[in-house]
Protein chains: 2
Amino acid sequence: MFSDVDTPAVLVDLDVAEANIGRFQEHCNTHGLKLRPHIKTHKLPMLAKAQMKAGAIGITCQKVSEAEAMVAEGGIDDVLITFNILGAEKTQRLRALANRVRLSVVADNMTVVDGLSTAFAGAERPLDVLVECDTGAARCGVTSPEAAASLAGLIHGKPGLRFAGLMTYPPVGGEAHVQAWMTQAVAVIEARGLRVDVISNGGSPGMWRAQDVSVATEYRIGTYIYNDRSLVERGVVTWDDCALTVLATVISVPAKDRAVIDCGTKVLTSDLLGLDGSGHVLGRPDIKVAALSEEHGVLTAESIGFSVGQRLRIVPNHACVVSNMLDEVVLVRNETIIGAEPVAARGKVW
Amino acid sequence: MFSDVDTPAVLVDLDVAEANIGRFQEHCNTHGLKLRPHIKTHKLPMLAKAQMKAGAIGITCQKVSEAEAMVAEGGIDDVLITFNILGAEKTQRLRALANRVRLSVVADNMTVVDGLSTAFAGAERPLDVLVECDTGAARCGVTSPEAAASLAGLIHGKPGLRFAGLMTYPPVGGEAHVQAWMTQAVAVIEARGLRVDVISNGGSPGMWRAQDVSVATEYRIGTYIYNDRSLVERGVVTWDDCALTVLATVISVPAKDRAVIDCGTKVLTSDLLGLDGSGHVLGRPDIKVAALSEEHGVLTAESIGFSVGQRLRIVPNHACVVSNMLDEVVLVRNETIIGAEPVAARGKVW
């Protein structure tokens, strides 16, 4: 199995990824939603460009350094950074980025807004700022439609900035609540005489219900390009839709019910996402990826049935974090190796 | 707080790391144990050399590629790789490595032994192979002293290899069991006319009880150089002994009891090691690092008391995995920045 590839390795099946891109783009087209994929899942400029080519209006990044890595080789002309960007070092880089692409960012507080305004005062084009709204995920975001309207008004009055709309990272299954929250926020903001051009919603678990938040103008989604065990277990996709797998080798079979592979948290990570075990061994649903240390993975089954040297493929619990572990992934199409691809945005946390 | 450092960043306090190196070296000297630090915690050649200079007999690596990164710039002349190394690609690199340093490896099965023998047949010096023993951790290793003796005999008869002793990754708190297991294994092996030169035991949780396994000749330990929340919570060390911290910035304070920092699993990882929460905010024991997503960390406390833009330092649950996330760490001494250091063995999983 991929005998030319040294293990452990992260394999990305381009046939599957392209099918995933196409299927959800069509879903968005059908429902009149603009699609803005989050690059955190793949971190590869080539796949961001494939998403744009299929019809995406732009990309989403979480950090300035991710956006820089994505636009470095051209072909990406629209970026939304869904993170409060703070500090002169970062806002200056943001301004440089705005000279190269259509750029928008988010803010949920005035310290961030003030910093953005300082950096963009006198800019040729004002920076588009969306207000981040907490619609139930309890992460960042203003916590009421009224607070959103208030911050929108303050952004509107700031040199170098333009209030461009609202953004939320929604709670899983919270479509009705998000719809009500955003509808209310739009009403309050419009009552102040401001326009809400963009309402950006997102999330892979709710991908097939994206249209239920009909007030939204665009949908951000990351994992859908690769999919993973968490989405299969939630019933969103099937194993055949999983483009990213980890290739590992059995290095020890100490007991009839246990084998050890050459791959632990340094590839699969410790992300459980509420699941039991750390991955799904393709073709062996009876196996539990029972315990990981940094370089070892312990597989258990009533009868493990492996011999030392055998190779296997694992669908990880969470694809995005696995993309961040190695400097390159191996591109394949079914059983054919296409080549290694550097993960340009790996480790870009700034 | 370290205002010249862009966040998030991994800080390594060399004063603390050097004190940690010295203290455990002295403990080993006092008890007549040889010390062989595991480089997985720091992944930095400069610190491996500091450990050697303080009195370590050599280093431990988990993978061939880690060992290559460690010996590349010289100064390290003795390496034990505590992993079943499989496949011609890796065993050939192992043979190249053996030309540069005193090298030993482990094996727990004949497929691995055969591969090593094929690669080292005709080598100027045979490769030292230790039998890996499962003394209760249920990862790799032969599962009985008799099986250890049997594999030792087979290694002894193989071209290019020399049976050099026994190695175990012990269960936490299992000192008495490891002592009994190893004593029995030595008896069975010596009864076959073989010598057991090395008995390699290890583990940071049991560091102050290393001498309780008196049959061991050497101790492998990684985390002790940095320490982390897991070791503090187990009562092994104190917060002042923690050399690695994560510097983060508060980017949002959405509620009185919640703040969000610019740092999630891409720096702190999802490793819980049985703990509640994902780290310890220095100086704020009332705070819980309650939830991480990839780039966000949600902190909760009855009264969070932070403002946007404030910086804080977090002791992670598990230092070793945090070392693996970024391409460089920032070396400091107390409040003084020494400089950035590339993490040479980051992501070396082969």
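Gln25(A) is located in helix H1 (residues 14–30) of chain A, helices (H or I, at least four residues) and strands (E, at least two) being DSSP runs numbered from the N terminus. The model is predicted, and local features need pLDDT of at least 70, side-chain atom pairs count only at pLDDT 80 or more, and totals for chains, interfaces and linings use all residues. Residues are numbered from 1 along each chain as its sequence is written, chains are lettered from A in the order in which they are written, and side-chain values use heavy atoms, with hydrogens and water left out.

A polar atom of the Gln25(A) side chain lies 3.2 Å from the backbone nitrogen of Ala56(A). Residues up to four places away in sequence not being counted, Gln25(A) touches Leu35(A), Gln51(A), Ala54(A), Gly55(A) and Ala56(A), where contact means heavy atoms within 4.5 Å.

Chain A as a whole has ten helices and 17 strands. Its radius of gyration is 22 Å, close to the 20 Å that the globule rule gives for 350 residues, so chain A is as compact as a globular protein of that length; the radius is taken over C-alpha atoms, and the rule is 2.2 Å times the number of residues to the power 0.38. The C-alpha trace of chain A spans about 70 × 40 × 35 Å along its principal axes. Of the 350 residues in chain A, 60% are buried. Among contacts in this chain between residues at least 6 apart in sequence, 68% join residues at least 24 apart.

The contact between the chains involves 57 residues from chain A and 57 residues from chain B. Between chain A and chain B, about 4400 Å² is buried, 52% of it given by carbon and sulfur atoms; this is the accessible area (1.4 Å probe) that two parts lose on being put together, summed over both. On the chain A side, Arg139(A), Lys266(A) and Glu294(A) lose the most area to chain B, together 14% of what that side buries.

In chain B, helix H5 (residues 110–120) has Val112(B), Val113(B), Leu116(B), Ser117(B), Ala119(B) and Phe120(B) buried. These residues cover an arc of only 165° around the axis, which puts them on the same side of H5(B); the arc is that of the directions from the helix axis to the C-beta atoms. The N-terminal end of H5(B) is capped by Asn109(B), a side-chain oxygen lying 3.1 Å from the backbone nitrogen of Thr111(B).

Definitions and conventions: Buried < 20%, exposed > 50% of the residue type's maximum accessible area, 1.4 Å probe, protein only. Polar contact = N/O pair within 3.5 Å; in protein donor to acceptor, adjacent residues only side chain to side chain.
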